[in-house]
Amino acid sequence: MTNIPETGRTPRVQIRLVILQILVLSLLLTLGGRLWYLQIRNGAEYAKEASGNHVQQVVSPAVRGSILDARGVPLADNETRLVVSASRTDLMKMPDDGKAVLAKLAGVLGMKTGDVTEKVRLCDAKTPQPCWNGSPYQPIPITDEATPKQALQIRERSEDFPGITAEPEAVRRYAGPGDSNTAQVLGYLSPVTDAEIEKAKDTSSPYLRSDQVGRSGLERTYDKELRGKAGVTRYEVDNLGRVIGRANSDKAETGASVVTSIDSRVQGVAEYELNEAMKAARQQFDKITGEKYKADSGAVVVMEAKTGRIVSMASAPSYDPNVWVGGISAKDYKQLTGKGSDYPLLNRAIQGQSAPGSTFKVVSTAAAAEAGYKWDGGYPCTSSYSVGGQVFKNFEGESFGPISLGRALEVSCDTVFYGLADREWKKDGGINPKGTPKDYFYKAAHQFGLGKTTGIDLPNEVTGRVPDRRWKKDFWKANKDSWCRTGKKDGSYVEKIAYENCLEGNKMREGDSINYSIGQGDTLVTPIQQAMIYGALANGGTEYVPTIGKAIISGDGKTVRKIKPQVKAKLPITNATHKGMDAALAGVVTRGTAAWKFGGWPQDKIPLHAKTGTAEVYGKQTTSWLATYSKDYSVIMTISQAGTGSGASGEAVRKIYNALYGVSADGTIDKKKALLPSPEKNLPKIQPDGSIDAPTIKPYEPADPSPSPTEQLAAVLGTPVTGRRH
Amino acid sequence: MAGTNGFSVSGYGPERSTLSRLMARDSVIRRLDWPILLSALALSLIGSALVYSATRNRTVINQGDPYYFLIRHLMNTGIGLALMIGTIWLGHRTLRTAVPILYGASVFLMLLVLTPLGDTINGQRNWLSAGGVSLQPAEFAKITIILGMAMLLASRVDAGDKQHPDHRTVLQALGLATVPMLVVLLMPDLGTIMVAVIIVLGVLLASGASNRWVFGLLGAGVLGAISVWRLHILDEYQINRFAAFANPALDPAGVGYNTNQARIAIGSGGLTGTGLFHGSQTTGQFVPEQQTDFVFTVAGEELGFAGAGLILLLLGVVLWRACRIARETTELYGTIVAAGIIAWFAFQAFENIGMTLGIMPVAGLPLPFVSYGGSSMFAVWVAIGLLQSIRVQRPMSA
């Protein structure tokens, strides 16, 4: 055994031992290389994965901020409901997975044990609803309608209900102060979508599956501010999801409150009067269609003339925004959006558009002045204006002889504007203009801000339309195929129009320009655009971007971000023109088309200005417009299918002014009764605890709705006594 | 009796004191391969820290005592050291004569595992429990295969009859290895089978057996693997489990989960790691079997590239010195034993670390010295004892 021959060390064995050594070395190098690859090269990536592995987030929702009126009265706030929730993490720690606790809880809440256990089970492919599809680390709500007694039972015997909490939780409420509604302006919330959750997942304020997001109105525009910041508690968990520690966490931040320029009292008046006006219009007989006016929808805007802030904005028909709270039912939703509905979700103040009728004449007057026509030139106000065999009539064939531009605006003489627009059209080269046409009348409309959104802080505003040459071309391109197919030279009215449009719909025809000058035809405007324009006339010619939000105040009231008025444009008018127009529009109130509704108004103390309008809509009854302003406010009301502006809205608008300035039916002014004789300048105060010093609001009490003497006379005669104008 | 041979080749007089004998220039202590010993000891101690980190929170298995596994790991290391000393004292040549007994005993114990006395853990019936002590006989079978094959293959060469083992001897040696491997196959313990095959290859390589045997065996192994795969001998899920190391999606809840979590743990360690006891993957118990088969992930996460690299380096020292011992011994028996141990350690370490790094399929094999587990610890320390014995007994001139 000890006799070791040297033959044991043959070269073959030696070589093989070296091979073995090399193999061993290469195995170790392989491991080292791979180790370097995982730890050094891709280390950061794995570190991220490891942290995702062991940290679980529990998100606690922030309380949504309130929407307040100008004096701090809540238009939208939160009410507290008692929510009973179960913590799955705690339940699963119990030997029976919390079955006994849930059964006891069901007893207290008066629910079936099965219903309760179903609510806390986790959703998966095999589990049908009801089940919990949120994070298993999140407290799972069992009911949000617990009574205080039930909540007390649970909280006082917490040792009997481990893992169960009964906490007050905030739920949205649209308070409707002073019987106001403000539904379309406020908007509504609806549950967050999967896509939104995914998008906000890694941001500083992730969504909960139970979160609500502003979908319309102010709730949408100011969603980010109102929403606040959800609190995130991060737990370190082990492989079985058991909590083994707490990582750094962020507290929930209450959403900021949005102070608006809305005055809920004026809002209540505006809504009430709009409805009354529509009701009254439905009692009126329409000579043209031979039936009563339908008055199917309407809008009213009260705007601060010197800032563009909206004091009230109402749209009819309306609805109760509280139907959205806690999830809207399918039936309610159908009623709001279905085919048979009257689309109450539409905010007609910014989404309703129609031809402006004679209210457009302020634009035409400005255009004429800009085009160089002398203010006091004698422009013939004949009873009709003929162009190539086509006769454009003055309203009801009136004639006033040669008059000034101001007078033409005041008496709303169509033929004056026909003539001016026609001359400009011819100057520009007629149907086939050479070079660049001046298009004074169209340019003025754009300069007044028509054909584009005003930029109000509400979503989905519509632009209206200025039917200029470019629009005509685009419109023709889009429709010529169908026009040329259906058009017939000697067919019905529609077929004839289609035939003409097919031939030269892309060109500005003489008749187009003539019709356009008095706000008929293809022009479309929205009530908010009118409010902006008439507001500018009130303040001397500056258009402000209409705003509803006035300030954003943080939840503790400490930081205040004011939303300052923004100048949008200057009206293209000289001071002299402005003076002339101002006087003419005051004349409308004292002796013009609106005078029959403003009899007895203290014009010397509170000068009012107005322009009425009646827009023709093919196949429908006329749309009424009444555009007015005082030195502080512009008030616009429009009602679809309701006849003339003054007839349909005169009284309602007057009553809004009555309320604003404290004017009685007989014209006396009681400053104590005035709701808002000048715009609210101060911001409401929010206390550190979130409470607000707000005055209490009484519902609007309309004055005795007895008809005025002139109205009685009109009823007898079957037609208004004073001249009606478009 | 012959055991005293192990302590001194030259045999000085008995009048010298024990201490001076131990410290003498030609003493066993002086001639031990200290780098191997210290590296192995360092690995065991690092292992104890890693095992402690992995188990201090695992209340389900540590019976409420956070030090349960730490204490046992240290005890196992101590017993391992004692076994090493015993092995050196006996000497590998004495053990050569005892091979038939050792072989018979280990095969008998392995067969016992298959009887109702055996325990099944993780689908493998490879445990033997009696009186609170658990044993994995397969660990010791690795040693008996090495010793047995070395005895057969080296006998005629060391006797000077032949330059290399002849075919008959090789066949006999293979037959000797086959019996315990068949028993392991019945358990079934895939990891041990793989190690045994590599040991057989390593042993044949070092024995100087004809190239035909080496390549033939390699070829047979490859063919076998292909046929198992092609002939659908294994179910698809078994193949998926095997392949999940490369693509965890194949078995996301099982092996795929392990490899994925293991890779996250190691990858997140970076250069210096999260610090001992501060790894979120380890504290959160995301990696299963972390104190045994996946102990390397603790090092990767908490000690980072530096610590994990140190483990590789220490293993490298052990293997490198072992290669030197294999090359420098003058008898073929010692060479073969050393080579067998090298093949064993190298492959087992490569497989174990490789699977945590996602470059080898997952198989239940402990990391030598580092992983928790008595049988494995005892076996590797006995192997260290064998290596020391081979070194100590070679002539001083070498």
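**Where two helices meet**

Start with a row of side-by-side residues: Val13(A), Leu17(A), Leu20(A), Val24(A), Leu27(A) and Leu31(A) in H1(A) meet Thr335(B), Ala339(B), Ile342(B), Ala346(B), Phe350(B), Ile353(B) and Gly354(B) in H15(B). Sort the residues of this contact by class and you get eleven nonpolar, two polar and no charged. Keep in mind that you're looking at a predicted model.

How do the two helices lie? Two packed helices are described by the angle between their axes and the distance between the axes. The crossing of H1(A) past H15(B) is left-handed.

**The wider contact**

Now zoom out. Across the whole contact, 41 residues of chain A touch 49 residues of chain B. On chain A's side, the elements giving two or more residues are H1, helix H2 (43-54) and strand E8 (231-237). H1(A) supplies the largest share, with 18 residues. Taken as a whole, chain A's side of the contact has 19 nonpolar, 13 polar and nine charged residues.

**Inside chain A**

Chain A itself has 24 helices and 25 strands. It runs to 726 residues, and 43% of them count as buried. Among contacts in chain A with a separation of 6 or more, 71% are between residues 24 or more positions apart.

For a look at the inside, pick strand E13 of chain A, residues 297-304. Is this strand enclosed or open? Eight of its eight residues are buried, so E13(A) is largely enclosed by the rest of the structure. In a regular strand the side chains alternate between the two faces of the sheet. On one side of E13(A) sit Ser297(A), Ala299(A), Val301(A) and Met303(A), and on the other Gly298(A), Val300(A), Val302(A) and Glu304(A); all are buried, leaving both faces covered.

Which strands pair with E13(A)? One is E25(A), residues 633-640, which pairs with E13(A) in the antiparallel sense over eight bridges. In that pairing, Gly298(A) stands opposite Ile639(A). Another is E14(A), residues 310-316, also antiparallel, joined to E13(A) by six bridges; there, Val301(A) stands opposite Met313(A). E13(A) and E14(A) form a hairpin with five residues between the strands, and Gly308(A) takes a positive phi near 85° in this hairpin.

Terms used. Residues numbered from 1 in each chain as written. Chains lettered and ligands numbered in written order. Predicted model: local features only at pLDDT ≥ 70, side-chain atom pairs only at ≥ 80, totals over all residues. Left-handed = near helix turned anticlockwise from the far one by under 90°. Helix = DSSP H or I, 4+ residues; strand = E, 2+ residues; numbered from the N terminus. Contact = placed C-beta atoms within 7 Å. Nonpolar A, V, L, I, M, F, W, Y, C, P; charged D, E, K, R; others polar. Buried ≥ 20, exposed ≤ 12 C-beta atoms within 10 Å, placed from the backbone. Pairing = 2+ DSSP bridges.
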